Amino acid sequence: MIEAQGLTKRYGAKTAVDGVSFQVAAGRVTGFLGPNGAGKSTTMRMIIGLDRPTAGTVTVNGRPYAEHAAPLRQVGALLEAKAAHPGRSAYHHLSALAATHGIPKRRVREVIDIVGLSDVAGKRAGAFSLGMGQRLGIAVALLGDPSTLVLDEPVNGLDPDGVLWMRKLLQRLAAEGRTIFVSSHLMSEMSLVATHLIVIGRGRILADAGIDAFIDQAAQNYVLVRSPQAARLSEAITGRGGTVRPDEGDAINVVGWTPAQVGELAAELGVVLHELTEKRASLEAAFMKLTGDSIDYRGTDGSAELREAMGGRA
Amino acid sequence: MTLIQASATDLSSARVNWFRVLRAEWRKFRSIRSTYVLVAITLVVLIGMWAIVSAGFAFDESEGGPPPGIREALNPVAISLRVSIMLTQLVVGVMGVLIVTNEYSTGMIRSTLAAVPRRIPVLTAKAVLLILVVVVVTLPAIFAAFFIGDAMLSTANLGLALNEPDVLRALVGGSLYMAGVGIFGSILGWLLRSAAGAIATLVGVIILLPVLLPLIPLGWVDTASEYLPSTVGQRIFMLSSVLDELTNQVDVDPVTGFGIFTAYAIAGLVISAWVLKRRDA
């Protein structure tokens with residue numbers, strides 16, 4: 001269980017993380033979603049004590065990470081940036097980190113097997129491909145057999161094989177009952193592994209909900225109604241406390257009502273309907289709606305950039 | 001929280017302690033190539049320079065030697081030792097810089113500090129490891145160089161025996177002094193986090209400042225320059241004939257001098273620890 005309270009990080013005048021509070025509940029995969037530069041990495045670095053919060057606190061299983069007697073037993077972390085000496089072999093890298101906790105060499109060989117690096121464990125980490133480097137990072141995260149894993153963009157830059165491998169590994173680790181906090185800017189990737197989502201944009205939490213609830217909350221479902229007497233119907237719905245948005249031409253969107261409710265009211269009023277459709281928002285649409293205002297660096301057509309970011313891996 | 005498929009290895013006794021951090025630092029130190037290159041360069045420079053200077057004295061003696069008046073001021077063993085250490089200290093200082101900055105340049109520091117988030121044990125373990133390595137490498141090398149040099153000087157009757165006054169202190173002191181320079185290198189590594197900046201600063205503080213500061217024509221600056229870390233620390237490997245010359249201005253005996261040098265190092269480590277604890281990794 002990870003718990004952040006009013007967590008804030010400022011770099012000079014720029015606020016990277018702005019008073020966020022959230023909990024990552026034990027035993028499930030929580031996705032940490034947001035556009036690049038939203039504060040995901042900074043938040044994760046604060047969890048494992050690499051960055052000092054400007055304000056607020058974050059604890060892991062009840063205590064700040066640094067105050068645990070065996071930090072690697074609590075949280076295993078895979079950070080986005082490289083974190084190994086290129087001249088040192090994978091085996092020696094792991095064995096040195098294991099030594100800090102008195103973790104036996106047998107466990108080092110175990111994690112090397114788990115991530116499938118047995119054949120290259122003696123090779124210099126500098127000679128590794130990006131995918132092999134990520135595997136080494138996962139091996140480090142698993143060294144202390146922690147109940148919680150913090151993974152920053154684990155599929156970023158991986159080839160399709162690597163993405164598939166990572167996805168299966170996350171599912172396996174989740175099935176083992178581990179708490180997994182995994183960040184991504186790829187909505188499609190999140191929907192495959194996470195059951196819970198925390199969405200961050202410009203350093204603030206935009207949503208914190210189960211995947212289904214997230215869609216409902218972020219981009220409300222609505223009923224598309226097409227009618228030559230749309231104006232009259234709108235008036236009646238508004239009069240009964242409903243919310244109506246104008247759509248193109250003679251169409252309107254009714255928010256918060258079921259199609260049955262709209263149809264029955266239309267019959268009551270004698271209004272002719274040409275179309276009555278329930279519209280469910282997709283995860284992508286929900287994400288887009290939430291983060292649309294919170295992207296720091298966008299091109300002239302921000303939506304195209306987002307589409308690429310979200311669809312590129314689908 | 002219970003895991004369905006936990007590690008097959010028993011990890012219940014896994015926790016961080018200082019000796020484990022020291023062992024981790026040792027494993028890191030001996031698993032990269034630059035360590036072996038630097039140790040080899042240290043040995044070659046230390047023994048090589050000593051032998052060259054001693055050979056020079058022996059040759060000069062065979063040609064008639066320096067004129068009287070100058071001869072008394074020249075102690076061949078003291079000068080061989082001094083030239084050798086003045087050069088070797090740079091190699092050792094670079095080793096001290098790199099033991100820290102290679103973690104920052106490669107990103108390894110993030111793995112290291114994630115494993116030891118209290119951070120200070122990493123700094124103290126690196127310092128202790130560095131002192132041990134420098135002493136274990138340079139102390140036998142200094143004795144080897146002394147005997148090689150002595151073999152050359154003896155042909156001209158210029159040698160000194162180990163049991164003559166101050167010889168043993170100077171030889172052991174030379175090794176301890178270099179361990180201190182290594183620590184200064186690591187301090188600059190912690191503070192600057194870049195090898196280039198730290199090495200340049202180290203050369204400035206250890207070599208250039210003691211030469212440049214006395215050029216300022218102010219009495220107190222001259223006195224202060226006697227207390228620069230390297231100047232005051234080097235007294236520990238000076239033989240008495242050289243010391244007599246130096247003590248004209250300030251009277252600091254070798255042990256006190258080395259004590260002041262050590263105090264500088266400890267102060268530097270404390271500042272580094274404070275900075276390391278506060279800064280983002």
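Axes are lines fitted to C-alpha atoms, for helices over the stretch in contact, and angles run from 0 to 180 degrees between N-to-C directions. Helices (H or I, at least four residues) and strands (E, at least two) are DSSP runs, numbered from the N terminus.

This is a predicted model, in which local features need pLDDT of at least 70 and side-chain atom pairs count only at pLDDT 80 or more, while totals for chains, interfaces and linings use all residues. Residues are numbered from 1 along each chain as its sequence is written, chains are lettered from A and ligands numbered from 1 in the order in which they are written, and side-chain values use heavy atoms, with hydrogens and water left out.

**Exercise 1.** Find how helix 9 and helix 10 of chain A cross, and which residues make the contact.

Solution. Begin with the axes: those of helix 9 (residues 230-239) of chain A and helix 10 (residues 259-269) of chain A come within 11 Å and cross at roughly 115°. That makes the two helices roughly perpendicular to each other, given that angles under 35 degrees count as roughly parallel, over 145 as roughly antiparallel, 65 to 115 as roughly perpendicular and the rest as oblique. The crossing of helix 9 and helix 10 of chain A is right-handed; a crossing has this hand if the near helix is turned clockwise from the far one by less than a right angle, and is left-handed if anticlockwise.

Next come the residues in contact, where contact means heavy atoms within 4.5 Å. Helix 9 of chain A contributes R232(A), L233(A), A236(A) and I237(A), and helix 10 of chain A contributes V262(A), L265(A), A266(A) and L269(A). By class they divide into seven nonpolar, no polar and one charged, where Ala, Val, Leu, Ile, Met, Phe, Trp, Tyr, Cys and Pro count as nonpolar, Asp, Glu, Lys and Arg as charged, and the others, Gly among them, as polar.

**Exercise 2.** Describe the open sheet of six strands in chain A and the helices that pack on it.

Solution. The strands stand in the order 5-6-7-3-8-9, with mixed pairing; two strands pair if DSSP finds at least two bridges between them. At the edges are strand 5 (75-78) and strand 9 (204-210) of chain A, each pairing on one side only, and the twist averages 15° from one strand to the next.

Within this sheet, strand 3 (residues 29-33) and strand 7 (residues 179-184) of chain A run parallel and are joined by five bridges, with L33(A) standing opposite S184(A). Helix 1 (residues 40-47) of chain A packs on the sheet, where it touches strand 3, strand 6 (148-152), strand 7 and strand 8 (196-201), and its direction makes about 150° with that of strand 7. Helix 6 (residues 160-175) of chain A also packs on the sheet, touching strand 3, strand 6 and strand 7, at about 155° to the direction of strand 7.

**Exercise 3.** Work out the order and the edges of the open sheet of three strands in chain A.

Solution. The order is 2-1-4, and the pairing is antiparallel. Strand 2 (14-24) and strand 4 (55-60) of chain A each have a single partner strand, so one side of each is left without a neighbour in the sheet. The twist averages 20° from one strand to the next. Seven bridges link strand 1 (residues 2-11) with strand 2 of chain A, and E3(A) has Q23(A) as its bridge partner. Helix 1 of chain A packs on this sheet, touching strand 1, strand 2 and strand 4, and its direction makes about 120° with that of strand 1.

**Exercise 4.** Characterise chain B and the packing of its helix 2 on helix 3.

Solution. Chain B has 11 helices and zero strands, and its C-alpha atoms fill a box of roughly 85 × 45 × 30 Å, taken along the principal axes. Helix 2 (residues 33-62) and helix 3 (residues 76-106) of chain B pack at an angle of about 165°, their axes 8 Å apart, and are therefore roughly antiparallel to each other. Helix 2 of chain B passes helix 3 of chain B in a right-handed crossing, and their contact has 20 nonpolar, five polar and no charged residues.
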